[in-house]
Amino acid sequence: MRKIEHIGIAVKNLEESNLLFEKLFGAPAYKQEEVASEGVKTSFFMNGPNKIELLEATNPESPIAKFLEKKGEGIHHIAFDVKDIVSEIKRLQKEGFVVLNEIPKKGADNKLVAFLHPKTTNGVLIELCQEIE
């Protein structure tokens, strides 16, 4: 893992949260998109070299909807940039981590992504991200 790629925050209302974070950072989201396969709409904000992703559920069965129902709004995951997601998944599995999706899938912001189960990472959902070239 090379660096923190972004921190994901689950929100109930993306429009309201966009306004809040726009005030906080003094700049609008640089990107918004929907990832239909995950049932989520996202906004990305830059803060210096750091990125924050806001996530709103688009259907009640999505992982974000379930997270919001259980825990409410707040930090959902920490994403790490990796050079080779396939080899990183294999390495982490050998180390005993449970990977939720062993085959990387297309995520937001032009990334291939995979997630580590929070039960194996002290309760924190970890996302691995590799830029799609």
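The model is predicted, and the structure holds four aromatic pairs. Helix 1 spans residues 14-25, and its buried residues are covered by elements that include strand 1, strand 2 (31-35), strand 3 (40-47) and strand 4 (50-57).

**Helix 1**

- Helix 1 has 12 residues and reaches 16 Å from its first C-alpha to its last, which is close to the 16 Å expected at 1.5 Å a residue.
- Leu14, Ser17, Asn18 and Phe21 are the buried residues of helix 1, and because they cover an arc of only 105° around the axis, they lie on the same side of the helix.
- The other side of helix 1 carries Glu15, Glu16, Leu19, Leu20 and Lys23, which are exposed.
- At the start of helix 1, a side-chain oxygen of Asn13 comes to within 3.1 Å of the backbone nitrogen of Glu15, while the residue that follows the helix is Gly26, with a positive phi near 75°.

**Ile9 in strand 1**

- Ile9 belongs to strand 1 (residues 3-10) and counts as buried because its relative accessibility is 15%, under the 20% cut-off.
- Leaving aside residues up to four places away in sequence, Ile9 touches Phe21, Ile52, Glu53, Leu54, Leu55, Gly74, Ile75 and His76.
- The C-alpha atoms of Ile9 and Ile78 are separated by 9.1 Å, although these two residues are 69 residues apart along the chain.

**Aromatic residues**

- One of the four aromatic pairs is formed by Phe21 and Phe25, a tilted pair with 5.9 Å centre to centre and 50° between the planes.
- Phe21 and Phe25 are four residues apart in helix 1, so about one helical turn separates them.
- Phe21 counts as buried because its relative accessibility is 13%, whereas Phe25, at 22%, counts as partly exposed.
- Tyr30 and Phe44 also form a tilted pair, because their ring centres are 6.1 Å apart and their planes are at 40°.
- This second pair links distant parts of the chain, with Tyr30 in the loop between helix 1 and strand 2 and Phe44 in strand 3, 14 residues apart.
- Within that pair, Tyr30 counts as partly exposed at 38% relative accessibility, whereas Phe44 is buried, with a relative accessible area of 1%.
- Phe21, Phe25 and Phe45 form one aromatic cluster.

Terms used: Residues are numbered from 1 along each chain as its sequence is written. This is a predicted model: local features need pLDDT of at least 70, side-chain atom pairs count only at pLDDT 80 or more; totals for chains, interfaces and linings use all residues. Side-chain values use heavy atoms; hydrogens and water are left out. Helices (H or I, at least four residues) and strands (E, at least two) are DSSP runs, numbered from the N terminus. Buried means under 20% relative accessible area, exposed over 50%, partly exposed in between (1.4 Å probe, protein chains only). Contact means heavy atoms within 4.5 Å. The expected span of a helix is 1.5 Å times one less than its number of residues. The arc is that of the directions from the helix axis to the C-beta atoms. A polar contact is a pair of N or O atoms within 3.5 Å; within protein, one must be able to donate a hydrogen and the other to accept it, and residues adjacent in sequence count only if both atoms are side-chain atoms. Rings of Phe, Tyr and Trp (its six-membered ring) pair if their centres lie within 6.5 Å; planes under 30 degrees apart count as stacked, over 60 as edge-to-face and the rest as tilted.
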